[in-house]
Amino acid sequence: MQKVDMIIKSRGDWLTLAQEQPGPRCGASMDELTVKQNQAIAITEDRITAIGPVADILESYSSENVLDWGDRLVMPGLIDPHTHPIFLATRENEFQMRNLGKSYVEIALAGGGIRSSVRSLRQASEDELTELALKRADGFLALGTTTIEAKSGYGLSTEDEIKSLRAIRRTNENHVIDLEPTFLGAHEIPDEYREDRNAYIDLIIQEMIPAVAKEKLARFCDVFCEAHVFTVEESRRILNAAKQHGMEIRIHADEIESTGGAELAAEVGALSADHLGAISPLGIERMRDAKVVATLLPGTSFFLNLDCRAPGRKMIDAGVAVALATDFNPGSCHTQSLFMIMTIACIHYGITAAEAITAVTVNAAYTLGLDQDRGQLKAGMRADIIGVDAPNAAFLPYKFGDNPVRAVVKNGKLVSHLSTSCS
Ligand code: NIG
Ligand code: FE
């Protein structure tokens with residue numbers, strides 16, 4: 001009998017997402033969930049030691065800490081591969097303006113949008129931003145998300161971008177959630193460079209990227225490649241500079257207008273191209289061939305009430321690996337719930353619950369280069385596990401607007417009790 005730190009058992013459905021091969025799931029394999037019941041999982045420190053039928057696990061392993069999750073559904077902690085959690089003020093005023101007829105682009109061109117978040121973030125200290133991000137991390141965790149990608153991008157000066165990335169680092173150090181940092185200095189042209197955009201791009205390339213790289217503050221570099229923001233040519237220059245400094249690439253691409261962002265993602269070997277509401281047919285082909293994951297953000301087109309929804313169904317059918325993310329930010333999508341995102345994705349993209357679940361676990365992990373570490377319940381993987389109040393996988397996107405998460409284990413530790421009926 002081997003002693004372990006924790007055993008969790010449940011009579012309910014287990015979605016392990018375990019796969020033999022490394023890499024993302026694409027095509028039909030996104031829809032394949034092997035579902036088992038009456039399983040248990042043995043955990044040592046922050047790793048999964050073994051998983052299998054309850055009787056087998058209890059025969060081979062013992063623990064002073066056996067959690068009975070009743071008939072909860074058990075699955076890997078969710079992974080959110082696109083968030084903007086470092087901001088000061090919220091922008092509910094813009095939500096109201098949009099609902100009364102103004103568009104996102106109109107608000108942005110009039111000085112609102114990202115630039116208004118920049119003005120407020122510049123007033124905030126690193127301590128304040130860290131404090132806020134820690135609270136937001138609690139919010140993600142309660143919703144079953146155990147890893148997030150986290151972008152800077154509301155600073156847009158060397159000092160304020162560094163301040164934002166340091167806040168991400170400190171949040172990561174002081175919270176159980178893992179934050180994977182992305183430098184997004186190319187989120188918008190700030191007010192002081194509106195008349196000289198080339199000077200801002202030079203600043204990103206010559207000053208910001210080297211400074212970020214020197215302090216090892218970001219794993220990834222992202223660009224908002226979009227009409228009215230950064231052109232393909234400008235994005236290419238910035239991303240190539242980031243690559244030379246050892247960063248991996250993700251791109252906000254073709255969100256509202258098709259400008260060739262998806263094609264650029266394929267060209268520069270991005271891990272992920274995100275949004276893609278207006279992706280071209282050629283973009284789909286290029287992404288498939290270059291094995292760039294499409295991280296779709298259905299909450300954003302929903303929240304902005306835009307018709308340009310990414311062709312999620314078409315992309316999966318074409319063999320592109322799809323991930324889903326919240327895009328949590330103060331402007332274009334203010335939700336932290338990947339369950340809500342799964343619901344919108346199923347409705348707006350015409351995808352299955354299984355495809356949506358694969359998109360927030362295995363495929364999301366892959367876009368962060370973490371697929372050998374998390375996103376699956378399998379021996380050797382990190383013990384990030386959630387217990388959900390749902391009778392089966394199809395129920396997850398079906399019941400919408402509430403939080404079905406009843407227990408969260410992060411790095412092998414039970415971090416939140418959300419229901420008295422479940423320990
Ligand atoms: O992903 N698209 C660019 N960035 C965010 C929007 C941020 C904002 O409006 O503040 C996004 O939607
Ligand atoms: Fe975004």
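Author: Two strands are said to pair if DSSP finds at least two bridges between them. Helices (H or I, at least four residues) and strands (E, at least two) are DSSP runs, numbered from the N terminus. This is a predicted model, in which local features need pLDDT of at least 70 and side-chain atom pairs count only at pLDDT 80 or more, while totals for chains, interfaces and linings use all residues. Residues are numbered from 1 along each chain as its sequence is written, chains are lettered from A and ligands numbered from 1 in the order in which they are written, and side-chain values use heavy atoms, with hydrogens and water left out.

Reader: How many bridges join S2 to S3?

Author: Eight bridges join strand S2 (residues 6-15) to strand S3 (residues 35-44), and the two run antiparallel. Ile-8 stands opposite Ile-41 in S3.

Reader: And in which sense do S3 and S4 pair?

Author: S3 and strand S4 (residues 47-53) are antiparallel, with six bridges. Here Ile-43 stands opposite Ile-48 in S4. The hairpin of S3 and S4 has two residues between the strands, and Glu-45 takes a positive phi near 50° there.

Reader: Now the domains: where does the chain divide?

Author: Domain 1 covers 2-76 + 376-417 and domain 2 covers 78-367; such bounds come from an automatic or database domain assignment. Their centres, taken over C-alpha atoms, are separated by 29 Å. In the contact (heavy atoms within 4.5 Å), domain 1 and domain 2 take part with 32 residues each.

Reader: How much area do they bury between them?

Author: About 2,500 Å² is buried between domain 1 and domain 2, 74% of it on carbon and sulfur atoms. Buried area is the accessible area (1.4 Å probe) that two parts lose on being put together, summed over both. In domain 1, Met-30, Pro-397 and Lys-410 lose the most area to domain 2, together 25% of what that side buries.

Reader: Which residue forms a salt bridge with Lys-410?

Author: Asp-178 does, with the closest N and O atoms 2.7 Å apart. A salt bridge is a side-chain nitrogen of Lys or Arg within 4 Å of a carboxyl oxygen of Asp or Glu. Across the interface of domain 1 and domain 2, the rule finds one salt bridge.
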